[in-house]
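Hello,

Here is the structure I promised to pass on to you. Please open it beside this email and follow along as you read.

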Amino acid sequence: MNLRTLHKIYAAVVFIVSFIVYWMTVQPSVSFWDCGEFIAASYYLQVPHPPGTPFFLVLGNIFAKIPFFENVGFKINLISVFSSALAVFFLYLVAVKLINNYKGKKPETIFEAVVTYTAAAIGALSLCFSDTFWFNSVEAEVYALS
């Protein structure tokens, strides 16, 4: 197997695992704190409390128009699901790069590649399953997108 293909497979698995976990645990509607304010402000393109997070609001308005789901709160909560899964994916890529820089070379054998990619995947999935990150990944808060 090509080492580049193996790297892509690991990256895809990290993204898919984190995305599925967050999708299965996403808030089905509105939470009891700022999430409701962000959902309403996104839906109507209003300005919530400062700093306002305009990019999140524009994305929220786009996600609110997804025709596949009924609940607007759920649709806007999906922003955090996608962005958090992407953050875990990018953490995996950064970890691989850091490990390769630390070693001073890219993996040359399958064994070296598996060790490097597995270590990076464990680090990325550790973030995925950490309490604070997971908590912000399943509701309409700006922290996951930030």
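Which residue forms a salt bridge with glutamate 112? The partner is lysine 105, and the closest N and O atoms of the pair are 3.4 Å apart. A salt bridge here is a side-chain nitrogen of Lys or Arg within 4 Å of a carboxyl oxygen of Asp or Glu. By this rule the count comes to 1 salt bridge. Glutamate 112 is partly exposed, at a relative accessible area of 23%, and lysine 105 is partly exposed as well, at 37%. As for the words, buried means under 20% relative accessible area, exposed means over 50%, and partly exposed is in between (1.4 Å probe, protein chains only).

Before going on, a note on where this comes from. This is a predicted model, in which local features need pLDDT of at least 70, side-chain atom pairs count only at pLDDT 80 or more, and totals for chains, interfaces and linings use all residues. Residues are numbered from 1 along each chain as its sequence is written, and side-chain values use heavy atoms, with hydrogens and water left out.

The overall picture

The protein chain has 7 helices and 0 strands, so called because helices (H or I, at least four residues) and strands (E, at least two) are DSSP runs, numbered from the N terminus. Along its principal axes, the C-alpha trace spans about 55 × 30 × 25 Å. Of the 146 residues in the protein chain, 42% are buried. The accessible surface comes to about 8,400 Å², and 71% of that belongs to carbon and sulfur atoms. Accessible areas come from the Shrake-Rupley method with a 1.4 Å probe; for residues, only the protein chains shown count as cover.

Contact means heavy atoms within 4.5 Å. Among contacts between residues at least 6 apart in sequence, 68% join residues at least 24 apart.

Inside the protein

Leaving aside neighbours within four places in sequence, valine 14 is in contact with Val88, Phe89, Tyr92, Ala121, Ala124 and Leu125.

Next, find helix H3 (residues 54-64), whose buried residues are Phe56, Leu57, Leu59, Gly60, Asn61, Phe63 and Ala64. What covers them includes helix H2 (34-44), H4 and helix H7 (142-145).

Is glutamate 139 buried or exposed? It is buried yet has no salt bridge, and the nearest side chain of opposite charge, lysine 75, is 19 Å away. Glutamate 139 sits in the loop between H6 and H7.

Asparagine 136 is found in helix H6 (residues 131-136) and is buried, with a relative accessible area of 15%. Not counting residues up to four places away in sequence, asparagine 136 touches Ser80, Tyr143 and Ala144. Tyrosine 143 itself lies in helix H7 and counts as exposed, at 53% relative accessibility.

On the surface

Patches are made of residues with over 30% relative accessible area and no salt bridge: like charges are joined within 9 Å, and nonpolar side chains (Val, Leu, Ile, Met, Phe, Trp, Tyr) within 5 Å. Met1, Ile9, Val13, Val17, Ile110, Val114 and Phe129 make a nonpolar surface patch of about 590 Å². The elements that give two or more residues to this patch are helix H1 (3-25) and helix H5 (110-128), with H1 giving the largest share, 3 residues.

The other patch is one of positive charge, where Arg4, Lys8, Lys97 and Lys106 gather on the surface. Lysine 97 is in helix H4 (residues 72-103). For charges, Lys and Arg count as positive and Asp and Glu as negative, while His and the chain ends are not counted. The place of a charge is taken as NZ of Lys, CZ of Arg, CG of Asp or CD of Glu. The mean positions of the 8 positive and 8 negative charges are 19 Å apart.

One backbone detail

Finally, look at leucine 45 in the loop between H2 and H3. Its phi is near 50°, a positive value in a residue other than glycine. Most residues other than glycine have a negative phi.

Happy exploring!
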